[in-house]
Amino acid sequence: MKGAVFRKGPDYGKSWHKFSNNYLSQVGLGVVALVAVIAIFAPYMAPYPSNAGFFVNYPEAHEPPNWIHIFGTDQFGRDVLSRIMFGFRYSLMMAVVVLSLVVPLGVVLGLVAGYYRGGKVDMVVMRCADIFLAVPPLVLALSICSVLTPSVFNAMMAVSLMWWPWYTRLVYSISSSLRNEAFVQAAEIAGASPFHIIFREILPNCLGPILTKITLDAGWVILIGASLSFVGLGAQPPIPDLGTMVSDGANFLPEQWWVSLFPALAIVLVILGFNLLGDGVRDLFAAETV
Amino acid sequence: MAEQLLDVKDLHVYFKVYEGLLKVLNGVFLNVGAKEKVGIIGESGCGKTTTMKAIMRILAANAIVAGGTIAYRGSDVLQVGMQDLMRLRRTSMSMIFQDPTAALNPVFKVGEQLEDIVRYSEFISHTPTKQEVRTKAVDLLKSAALPEPERILDSYPFQLSGGMRQRVCIAMSLASAKDLLIADEPGTSLDVTIEDQIMRELKQIVEDRGLSVILISHSIGAVKGFVTKLYVMYAGTMVEEAPTDELFSNPVHPYTQNLLKAVPKLTGGGVPEGIAGRIPSYLTIGDGCRFASRCMSAKESCQAHAPPAFDIGNGHRVACFHYGDI
């Protein structure tokens, strides 16, 4: 009888059902998984792995797509497809590094500010967040990058600096309302410490929106990273960053369209994948409407 | 007179809101002896829960304790430091909320929540093993009359019925209430048969454990069989205090008299009388007797200043200038 009504542990079948309710979220999951696999195994999967770095092959330069170079070659004769596959590495690395810096910081600040709502901590944290939010994100990132030496690392730091307030705002709004829930008061009168209340009572109830935002944000972080590279403030040649590739190829438009178009489509693919995945994750945490 | 446990004197709690200052509690007094069962009745919004939150010190951030003392075993709860307060909450007093659904964290199993409390409340001297905690949690659920405690511990709150949830809440508060249990309308959100069951069980539990209880209710029937002393609250003031039997046989304050007349009776006698008017706004409330605007026997003098609590013998106190003539 035990377990007939009361199940133990999460029900993965049901979660999958909710996630896959919209088949596009499965597409998103597939795209993200494919991109991740390509990024990880790029040196083995790319047709010309050496073309990712310093490499010159002028006799094959400016070749349109053909059976040897499916996406054509750029002005140095490098295979565009190989470079895109390596480009995924930098895109995903951007998302992973930025989000793993931003999410813990933003979430903790939001939780603490929400818990001490109306106090000095709330005031200081949230007004700082407001200041960062008041400047258009790309402008802020551009100005930080232009002060520092352009590099992948500095681009990541710049994007991180402008991104944390979004998590702080999101978590603040949830935690400041959960703060007054009866179960939080029940924990208080049972003698729970503020630490316990913040991390054991409030945080677990914020996880759904946080995870949804992470998946949706991954695409946007990649886009901002590519934008910085496009204007020359992010990854520097010969690093095969998708943004850099689009910007390099732009010099040869419109005759040699393939040099820019395929990296641009790759960016579209990644962002689309993360957005569709994010929709699925949101459905996963949405309240059940039976 | 039994040993004193809780003594609230002249408590004033105000709330700062956009429109101004809400003067909610105005000179509340409350006296609970060791192992005494005390009830507080009054209509919704009269400050019963606010008083209890003040005792537990979980008032909202915009609350201002403008005056008064809450002596708990001789020390003022309003003055103790955070560490002492946490120890007090863990080991001495606890509260059962009106709505058990809201009082349980939805994302954790009952066992995880209950065991957390047990770990900090029941084992002061040593760090308990998992097995010790589990056994204690099972015991607590059993004492709250829950069948199959092992299964309940492995369930999420949403998998339980309302009555089961309230019993879980009772079990949780029993872990940390070694002296005082505050029950804030524990049956209100349940259906009447379950409410009756819960109240009987709760009475049994507190008697077995020798706890002091403050039972809050707006249903006179629910408290009558439970408590030995009753307080009647109106608009943030205590209007009458008396032993239960005395209060029912000899209500003195006009509000209490009207409140008792408003109870529907099984023996007929037509529709019970209501009390005309409503609780005055806490924002614009004056200094006079707070019941004066609804009182049939109010005089000019009632508006001037608030009546103190007059002792009229037999442990009966009443806050009315004209208690003799009514």
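Two residues are in contact if their C-beta atoms, placed from the backbone, lie within 7 Å. On that basis, the contact between the chains takes 19 residues from chain A and 27 residues from chain B. This is a predicted model. The model scores ipTM 0.84 and pTM 0.83.

**Chain A against chain B**
- On the side of chain A that touches chain B, helix H8 (residues 182-189) of chain A gives the most, with 6 residues.
- By class, that side of chain A comprises 7 nonpolar, 6 polar and 6 charged residues.

**Domains of chain B**
- The domain assignment of chain B gives domain 1 as 4-34 + 42-92 + 227-318.
- Domain 2 of chain B covers 94-176 in that assignment.
- Taken over C-alpha atoms, the centres of domain 1 and domain 2 of chain B are separated by 31 Å.

**Contact between the two domains of chain B**
- Domain 1 of chain B puts 5 residues into the contact, and domain 2 of chain B puts in 5 residues.
- Two helices of chain B, H1 (48-56) and H2 (82-91), each supply at least two residues of the side of domain 1 that touches domain 2.
- H2(B) gives the most to that side of domain 1 of chain B, with 3 residues.
- By class, the side of domain 1 of chain B that touches domain 2 of chain B holds 2 nonpolar, 1 polar and 2 charged residues.

**Confidence**
- Chain B has a mean pLDDT of 88.
- In chain B, 98% of residues reach 70 or more.
- Where pLDDT is low, the predicted coordinates should not be read in detail.

Key
Residues are numbered from 1 along each chain as its sequence is written. Chains are lettered from A and ligands numbered from 1 in the order in which they are written. This is a predicted model: local features need pLDDT of at least 70, side-chain atom pairs count only at pLDDT 80 or more; totals for chains, interfaces and linings use all residues. Domain bounds come from an automatic or database domain assignment. Helices (H or I, at least four residues) and strands (E, at least two) are DSSP runs, numbered from the N terminus. Ala, Val, Leu, Ile, Met, Phe, Trp, Tyr, Cys and Pro count as nonpolar, Asp, Glu, Lys and Arg as charged, and the others, Gly among them, as polar. pLDDT is the predictor's confidence in each residue, from 0 to 100.
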